[in-house]
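Please look over the sequence and the structure shown here before reading on.

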Amino acid sequence: MKYEKTIQKTIDWIEEHLHEPVTAEDVANIAGFSKYHFHRVFQTEMGISFSKYIRLRRLTIAASSLIHTEESILTIAIYYQFDSQEAFTRSFKQLFHLPPGRYRKVMREMLEKKEDLSMEEKIKGWFLSGSNPYNYELCIDHKIVHQGNASGVLKSKSNHSGDFGTMMQQFKANKYAGKRIKLTGFLKTEAVAEYAGMWMRVDNASEDVLQFDNMNDRPITGTTNWTPYSIVLDVPEESAIISFGVLLYGTGKVWVDNFSLNETDESTPTTHIDLGQVLLDEPINLAFED
């Protein structure tokens with residue numbers, strides 16, 4: 001993203017002020033832009049308007065409060081800047097397709113039943129891999145969520161270094177062959193000692209790597225708030241498999257939410273990391289002095 005650092009600065013500020021009145025002027029000032037320029041940049045970079053982003057984040061955190069606290073619906077509605085319980089209910093039902101009271105009851109019952117399910121049943125489509133996957137765990141979080149009512153979590157189970165774990169998926173490349181694709185997602189981290197990031201790989205039928213990016217040139221470390229990231233790769237005609245996911249090196253915890261995969265055009269630069277070596281015409285620096 002061209003304005004990645006500026007947008008993240010505004011997102012961090014928004015997260016801290018979701019329970020307060022927030023205007024476009026407030027956030028534009030944080031970004032150092034005019035209100036018009038801020039609206040345009042935010043929409044372009046995030047694919048969603050500033051006002052809609054704030055509304056979705058408030059409703060998402062309100063949904064978590066309904067499940068995990070005993071606060072009344074009216075208290076939650078007012079805290080997250082809705083004018084009335086009626087206004088909150090209308091917006092909430094539009095997003096979650098249930099009124100808040102019914103949502104609270106249904107979600108609590110569902111979570112109680114899920115306690116007895118296996119890990120594979122809890123996280124449909126995802127599996128755990130890595131250099132030593134037994135040192136890692138993946139699960140669903142209904143409390144810390146970016147949008148909707150759940151996020152995925154990858155976390156280390158013990159104090160160790162040198163290993164990595166990944167939650168991942170694989171699918172056939174046929175649909176995207178000959179195209180450029182963009183993977184986007186929101187990540188949040190806690191105490192990541194080495195590094196975390198999204199990754200994506202495109203392989204041919206012989207499992208040769210054709211395109212690859214694991215964000216090791218822009219690693220996520222430490223504790224960070226929800227942040228949008230993207231990977232852009234070409235899918236050559238001979239591609240057979242596309243793999244993607246989130247990885248965690250060493251210890252820590254990383255949440256992921258709102259993955260999306262879309263075609264993009266050549267005006268969007270790829271993030272491909274060249275894993276090949278350039279074969280030189282002749283040996284160089286034989287005396288190690290250059």
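## A buried arginine in a strand

R180 is located in strand 5, which covers residues 179-204; helices (H or I, at least four residues) and strands (E, at least two) are DSSP runs that are numbered from the N terminus. The model is a predicted one, in which local features need pLDDT of at least 70 and side-chain atom pairs count only at pLDDT 80 or more, while totals for chains, interfaces and linings use all residues. Residues are numbered from 1 along each chain as its sequence is written, and side-chain values use heavy atoms, with hydrogens and water left out.

Is R180 buried or exposed? Its relative accessible area is 14%, so R180 counts as buried, where buried means under 20% relative accessible area, exposed over 50%, and partly exposed in between (1.4 Å probe, protein chains only). Leaving aside neighbours within four places in sequence, R180 is in contact (heavy atoms within 4.5 Å) with a list of residues that includes V232, L233, D234, N262 and E263. With D234, the side chain of R180 makes a side-chain to side-chain polar contact of 2.6 Å; a polar contact is a pair of N or O atoms within 3.5 Å, and within protein one must be able to donate a hydrogen and the other to accept it, while residues adjacent in sequence count only if both atoms are side-chain atoms. The C-alpha atom of R180 is also separated by 8.7 Å from that of P236, although the two residues are 56 residues apart along the chain.

## A buried histidine in a loop

H142 is found in the loop between strand 2 (136-141) and strand 3 (151-156), and with a relative accessible area of 10% H142 is buried. A polar atom of the H142 side chain lies 2.7 Å from the backbone oxygen of N149. Apart from neighbours within four places in sequence, the residues in contact with H142 are S64, H68, M107, M110, L111, N149 and A150.

## Two residues with positive phi

Most residues other than glycine have a negative phi. Q81, which is not a glycine, has a positive phi of about 70 degrees; Q81 sits in the loop between helix 5 (73-79) and helix 6 (85-96) and is partly exposed, with a relative accessible area of 30%.

E207 likewise has a positive phi, near 65 degrees, in a residue other than glycine. E207 belongs to the loop between strand 5 and strand 6 (209-213), and at 61% relative accessibility E207 counts as exposed.
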